[in-house]
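User: I have a chain open here and want to go through it with you. Can you take me through it piece by piece?

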Amino acid sequence: MEGADYDELWSDYVPTDILRLISSRLVAGDYFAFLAVCKRWRFESLSSPLPPPIHDSPSSPCLMTLNKETGIIESFHPVYNVINHKMDIPKLKGARIRSANANWLLVSHGNRGMFFFNPISNNIIELPDLLEDVENHFPSWTFSCSPDSSSSDCFVIGFENFGSPPAIYIIKVGESSWTYHDFYNEDGNKQGSFMLSGCHNPVFFKNNIVWIFGDKGNLGILNIKENSAVETPIWEFYGKYLPRRKRSSIRQSYLVEDADNGGILVDMQVVHLRFLIPATS
């Protein structure tokens with residue numbers, strides 16, 4: 001406060017026990033911002049910031065990366081900006097993480113192998129190999145819930161990166177084989193106009209409905225029929241295409257579930273182009 005005497009600062013009247021209670025719950029950057037409020041807060045004998053957690057297994061929240069050459073998983077703690085856990089899992093050598101949900105990772109291996117891995121318990125749940133005539137060139141995967149849940153059925157779905165709309169792989173955990181669904185109508189034409197050309201992030205959003213954001217800026221919703229992987233799911237499409245100029249500036253797009261408000265957020269990575277593109281579409 002410019003021109004104010006230190007003794008007149010509001011911060012001088014906060015009781016020390018309250019300051020210690022607050023500072024004891026702060027971490028990393030928040031703690032140092034707390035110290036920068038005023039001289040008293042900086043030099044008062046307060047509690048130190050919480051140390052980065054050290055666990056025998058990764059804790060939530062954390063971000064995970066997999067080195068497919070070594071099979072080592074690293075857990076990155078976003079609050080402390082540190083790697084707080086490493087695991088060497090031989091089965092993950094040559095594998096790729098496809099999706100994550102409820103402490104489980106959906107992992108692919110080679111052209112046909114698929115399985116679940118839990119980095120908390122190290123449990124593995126095997127899935128049947130993908131079909132021989134349709135190998136794993138599917139870039140976008142998701143699953144509905146914990147695969148070891150006894151209260152609900154877990155569906156796993158992969159989306160092809162071409163087709164309008166894209167074909168899908170689907171299985172209900174516990175079944176012996178995958179089902180491949182293509183979406184031609186009786187006249188041999190594709191249903192709808194919805195494109196996926198890269199890696200997207202489909203989101204299961206209640207009642208066996210999957211939401212996915214298309215390359216052209218519209219929303220695709222896949223409805224699983226009768227709680228069955230064998231029955232052909234139904235596509236629905238919402239929204240208008242973005243103008244071609246805007247679509248060309250989007251490098252990647254992802255959907256994220258908004259747990260607080262019960263909706264869906266769209267995250268788009270935009271590239272600023274250095275040349276003009278005609279606005280006509």
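User: Before going on, where does the model come from, and what is its mean pLDDT?
Analyst: The model is predicted. Mean pLDDT for the protein chain is 77, with 74% of the residues at 70 or more. Residues 186-190 have a pLDDT below 50, and that stretch makes nine contacts in the model beyond near neighbours in sequence. The pLDDT is also below 50 over residues 272-281, where the model shows six contacts beyond near neighbours in sequence.

User: OK. How many helices and strands are there?
Analyst: The protein chain has four helices and 17 strands.

User: And the overall numbers, burial and surface?
Analyst: The chain has 281 residues, and 38% of them count as buried. Its accessible surface is about 16200 Å², with 51% belonging to carbon and sulfur atoms. Among contacts with a separation of 6 or more, 44% are between residues 24 or more positions apart.

User: Back to strands. What is the order in the sheet of three strands?
Analyst: The order is β1-β2-β3, in an open sheet with antiparallel pairing.

User: Which of those strands are at the edges?
Analyst: β1 (63-67) and β3 (82-88) are the edge strands. Each has a single partner strand, so one side of each has no neighbour in the sheet. On average, neighbouring strands of this sheet are turned by 20 degrees against each other, direction ignored.

User: How many bridges between β1 and β2?
Analyst: Five bridges join β1 to β2, which covers residues 72-77, and the two strands run antiparallel. As one example of a facing pair, Met-64 is opposite Ser-75 in β2.

User: What holds strands together in a sheet, in general?
Analyst: Backbone hydrogen bonds pair the strands of a sheet, in a parallel or antiparallel way.

User: Switching to cysteines. How many disulfides are there in the whole structure?
Analyst: Searching the whole structure gives zero disulfides. Cys-145 is in none, and its nearest cysteine sulfur belongs to Cys-154, 4.4 Å away.

User: Why don't Cys-154 and Cys-145 count as bonded?
Analyst: Because the sulfur of Cys-154 is 4.4 Å from that of Cys-145, its closest cysteine sulfur, the two are too far apart for a bond. The cut-off for a disulfide is sulfur atoms within 2.5 Å.

User: Buried or exposed, those two?
Analyst: Cys-145 is buried, at a relative accessible area of 15%. Cys-154 is also buried, with 3% relative accessibility.

User: How far is Asn-101 from Asn-118?
Analyst: Their C-alpha atoms are 9.9 Å apart, and the two residues are 17 apart in sequence.

User: You mentioned a positive phi at Ala-102. Where else?
Analyst: Asn-208 and Glu-226 are two further cases. Asn-208 is not a glycine, yet its phi is near 55 degrees. Asn-208 lies in the loop between β12 (203-204) and β13 (209-213). Glu-226 is likewise a residue other than glycine with a positive phi near 55 degrees, and Glu-226 sits in the loop between β14 (219-223) and β15 (234-238).

User: Buried or exposed for that pair?
Analyst: Asn-208 is buried at 18% relative accessibility, whereas Glu-226 is exposed at 66%.

User: Last one: Thr-179. Which strand, and what are its contacts?
Analyst: Thr-179 is in strand β11, residues 179-181. Beyond its neighbours within four places in sequence, Thr-179 contacts Ile-168, Tyr-169, Ile-170, Ala-229 and Val-230. Thr-179 counts as buried, because its relative accessibility is 17% and the limit for buried is under 20%.

Note on methods: Residues numbered from 1 in each chain as written. Predicted model: local features only at pLDDT ≥ 70, side-chain atom pairs only at ≥ 80, totals over all residues. Heavy atoms only, no water. pLDDT = per-residue confidence, 0-100. Contact = heavy atoms within 4.5 Å. Pairing = 2+ DSSP bridges. Axes fitted to C-alpha atoms, helices over the stretch in contact; angles between N-to-C directions. Buried < 20%, exposed > 50% of the residue type's maximum accessible area, 1.4 Å probe, protein only. Areas by Shrake-Rupley, 256 points an atom, 1.4 Å probe, with all protein chains shown as cover.
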